[in-house]
Number of protein chains: 2
Amino acid sequence: MSADLPKDRAPSIRDVARLAGVSHQTVSRVLNDHPSIRETTKARILQAMEELQYRPNQAARALSKGRSRTIGVLTASSAQYGPARSVAAIEDAARRQGYFVDTANLGVADPAAIEDALEHLLDQAVEGLVIIAPQERVFDVLERLDIAVPYVSLQSTGKHDLRALAADQILGARMATRHLIDLGHREIVHLAGPQDWNEAEARMRGFLLEIDDADLMTNPPILGDWSADFGYFAGQELLRSRDFSAVFAANDEMALGLLHALHDARLSVPGDVSIVGFDDVPVASHSWPPLTTVHQDFDGIGRLAFATLLREMGTGVEVPTAPIAPRLVVRGSTGPVPVSRLPLLKRY
Amino acid sequence: MSADLPKDRAPSIRDVARLAGVSHQTVSRVLNDHPSIRETTKARILQAMEELQYRPNQAARALSKGRSRTIGVLTASSAQYGPARSVAAIEDAARRQGYFVDTANLGVADPAAIEDALEHLLDQAVEGLVIIAPQERVFDVLERLDIAVPYVSLQSTGKHDLRALAADQILGARMATRHLIDLGHREIVHLAGPQDWNEAEARMRGFLLEIDDADLMTNPPILGDWSADFGYFAGQELLRSRDFSAVFAANDEMALGLLHALHDARLSVPGDVSIVGFDDVPVASHSWPPLTTVHQDFDGIGRLAFATLLREMGTGVEVPTAPIAPRLVVRGSTGPVPVSRLPLLKRY
DNA sequence: TGCTCGCATGTGCACGGTCACAATTGTGAG
DNA sequence: CTCACAATTGTGACCGTGCACATGCGAGCA
C-alpha cells in the first residue's frame with residue numbers, strides 16, 4: 001500500500017484516525033485512555049498508531065491543555081558532585097512520571113543572571129521549579145518576580161520551604177562537631193561555605209549550636225567558597241595564625257584541600273589535627289587518610305524534592321516520601337586529641 | 001482602568017493587540033522583529049506587552065512553526081565531574097542562543113533504558129541531540145530507531161562523528177603514556193575504563209599506540225568502571241600479582257583510589273610507583289601527592305558540542321569553534337624510575 | 001411498541017502563535 | 001491630480017490536541 005505518501009509533516013491523530021476509520025476524537029480518547037471505548041476499536045487504533053509510527057505532539061497538547069508537563073531546575077554550580085547527583089535523581093523521577101525537565105545553570109549569581117535564568121525557565125511554561133543549592137539572592141528575585149508556579153528548594157534552611165531537608169544540614173553539622181568534641185577536641189575551627197548559600201549558613205549554625213551546647217569557645221569560622229583550592233590556602237593560613245586540633249569543613253572538597261596543606265606542612269592527620277568534611281563524595285574514602293565526613297543521600301534528596309514539588313503542584317499523583325537523614329561516616333581523618341598537644345592547650 | 005478583568009488565562013498576542021489598537025498579526029511582527037513596522041506602532045505595542053506582562057507561549061510557537069527550539073542531552077553518569085561540567089556548558093550556550101535543553105540521564109545503560117530515554121527526548125520534539133560519554137550501545141539504539149534529528153557526541157572515537165574531539169582522547173592518552181616513558185618507566189600498567197565506553201576505548205588505544213611506538217611490552221590493561229573504589233581494589237590486586245613501576249589510569253577517580261591502595265601498602269608515590277590520571281578534576285591537585293594528569297577543558301568541549309550541533313541542525317547561526325587540546329599537567333605523582341628498581345627489571 | 005438511559009462515537013471550536021495573501025496607506029514621479 | 005509602487009497593517013486559515021456538546025445505537029422497562 002502506498003497510503004503513506006511523502007507528506008513531510010509528522011503524522012497527527014487525524015492521520016491515525018483516517019487509517020483506523022474513526023474520528024480524531026476517538027483517537028484522542030485512546031491516548032488519554034478514556035474508559036468508554038470498545039476494545040476492538042481501541043486495538044484498531046493502536047495498530048494504526050504503530051503503523052504510522054505516531055508520536056503525540058507535546059506542543060499541541062501543552063497548548064490545548066494549558067499544561068506543559070515540564071518542570072524547571074535552577075541550579076548553581078551544577079558541576080559539583082552533590083547538586084549534579086540530585087539533578088540526575090530529579091530528572092529520573094520526573095521522567096518516570098512523564099515530566100520533562102528543563103535546567104538552567106547559574107554561573108555567576110548576580111541578580112541579573114538569576115532573573116535571566118528564571119525568565120528562561122518561565123518562558124518554557126514550567127509548572128514547577130526546583131531550586132538547588134539556593135542562595136538568598138535567588139529567593140529575593142523569586143519573590144520580586146512574583147512567580148506564579150510553585151517551587152521547592154533543596155538543602156535550604158527552612159526559611160522558604162522544606163523544613164525536613166533543612167533539619168538535615170543543621171543536624172549533620174552537629175553530628176560532625178559532636179564527633180570531634182567526643183574525641184576530646186576543644187579547639188575546633190569551622191571552615192565554612194559562602195554565607196550567602198543557605199546551605200552553608202545552616203551548617204555553620206549547626207556547628208555553633210553544638211559548640212555552644214558543649215560550652216566551648218571558638219574563633220569565628222573561616223568563610224570559604226566550597227573549592228578544594230580554597231581549603232588548601234585556608235589551611236596554610238590557619239597553620240600560620242591559629243592553634244587548633246580539629247577542623248570541621250563545610251564540604252569534602254575544602255576538607256581535601258586542607259588535608260593537602262597539612263601534608264605540605266608535614267603534619268599528621270589525625271596525629272596532629274583531625275578533619276571532618278561534609279557530603280561524602282566518592283573520593284572522600286580514598287584520600288590519605290580517608291576522610292571522616294557526613295554522608296548525604298543526594299539521590300534521595302532529589303527524589304524527595306520532586307515528590308514534594310509534585311504535591312505542591314497539586315497534581316493527583318502522590319509519590320511516597322521519606323525524610324532524609326544525614327549519617328556520620330567515621331574514617332581515618334579523625335582521632336583523639338594527641339597527648340603531646342594537651343599541654344599546649346593550657347596556654348589559653 | 002479595569003481593562004484587565006480576572007481572565008485567568010495568560011495574556012495572548014490578541015490581548016496585546018486589543019490594548020495597542022492593532023491586529024494580532026502586527027504584534028506577531030514585533031515579536032519576530034519584522035522590518036516594516038512603524039516605530040511609533042512598535043513602541044505602542046511594546047508598551048502594551050509590558051503593561052500586560054505578556055510572555056510568548058512557546059508551545060503555541062512550537063506548534064505553528066513546527067520547531068521546538070529545544071535540544072536534548074542524553075548523558076550517562078551525569079554526576080561525574082566531566083560530564084556534569086560539559087552539560088552545564090551546553091546548557092549555558094544553548095540558553096544564550098534561545099534554546100531550551102532537555103536532559104535524560106542514563107542510570108543503567110541497558111538498551112531498553114536507552115531507548116526509553118531517547119523516546120522521552122524525542123517526545124519533546126527536540127531538534128538535535130548531544131550524546132555525552134557515549135557507549136557503543138547508545139549508537140546501536142540510535143541507529144535502530146532511525147532518529148530523524150541530527151546528533152553529536154562528546155568524546156567519541158570519531159566512529160560516529162566529531163573527529164576533533166576524538167583525537168583529543170587518543171592524544172591525551174599518548175601524552176600521559178609518553179610522560180611515563182620519558183621518565184624511564186618500562187613496565188607501565190594501564191587501568192582502563194569500561195570498554196563499552198568509546199571514550200575509555202580511545203584512551204586505551206592511545207596508551208597502546210604509544211607503548212608500541214616505544215617498542216615496549218605491556219600486560220593487558222585492567223578493565224575498570226571509572227570509580228575510585230575500583231581503583232583501590234585494582235591497586236590491591238596489582239600489588240599482589242604484577243611488577244610495575246608506573247600506572248596510567250583512564251580517569252582521576254580510579255587514580256585516586258589506586259593512590260589509596262599504594263598508601264595502604266606503604267609504598268611511596270612517586271618513589272616506588274608513578275601514577276598518571278586523566279581529566280584533571282578539581283581535587284586532583286590536592287591528593288597526596290598531587291596527581292599528574294591530563295587536563296580536559298570540559299567547558300570548551302560542551303560549547304564546541306553545542307556549536308557543532310547548531311551547525312549540524314542547519315540553523316543559520318554560526319558559532320565560532322576552536323578545537324580542544326588536552327594538556328598534560330605534571331604534578332607530584334610521577335617521577336623517574338627509582339634506582340632501587342632498576343635491577344629488579346632485569347628479571348624480565 | 002415506544003421511551004428512557006448509558007455507552008460509544010462524531011462534530012466543531014478553542015488554544016496562541018505564524019503564514020500566505022489581501023487591503024490600506026503613504027510617497028514620488030509624470 | 002493621478003498612478004505605480006513600496007511600506008505598513010489586517011484577515012483568515014492552519015498547526016495538533018482536548019473539550020463541550022451533540023448524535024447514534026442497543027438494552028431495559030412499562
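In the predicted model described here, α5(B) passes α12(B) in a right-handed crossing, a crossing being right-handed if the near helix is turned clockwise from the far one by less than a right angle. Helix α5 (residues 81-96) and helix α12 (residues 298-312), both of chain B, pack at an angle of about 45 degrees with their axes 7 Å apart, where helices are DSSP runs (H or I) of at least four residues and strands (E) of at least two, and axes are lines fitted to C-alpha atoms over the stretch in contact, with angles running from 0 to 180 degrees between N-to-C directions. The residues of α5(B) that meet α12(B) include Y81(B), R85(B) and I90(B), and their counterparts include F298(B), R303(B) and F306(B), contact meaning heavy atoms within 4.5 Å.

Residues are numbered from 1 along each chain as its sequence is written, and chains are lettered from A in the order in which they are written. Because the model is predicted, local features need pLDDT of at least 70 and side-chain atom pairs pLDDT 80 or more, whereas totals for chains, interfaces and linings use all residues, and side-chain values use heavy atoms, without hydrogens and water.

Two backbone features were also found in loops. A cis peptide bond, with omega of about 5 degrees, joins V269(A) and P270(A), and P270(A) is found in the loop between α11 (252-264) and β8 (274-276) of chain A. D279(B), although not a glycine, has a positive phi of about 125 degrees; D279(B) is buried, with a relative accessible area of 11%, buried meaning under 20% with a 1.4 Å probe and protein chains only.

Key. Buried < 20%, exposed > 50% of the residue type's maximum accessible area, 1.4 Å probe, protein only.
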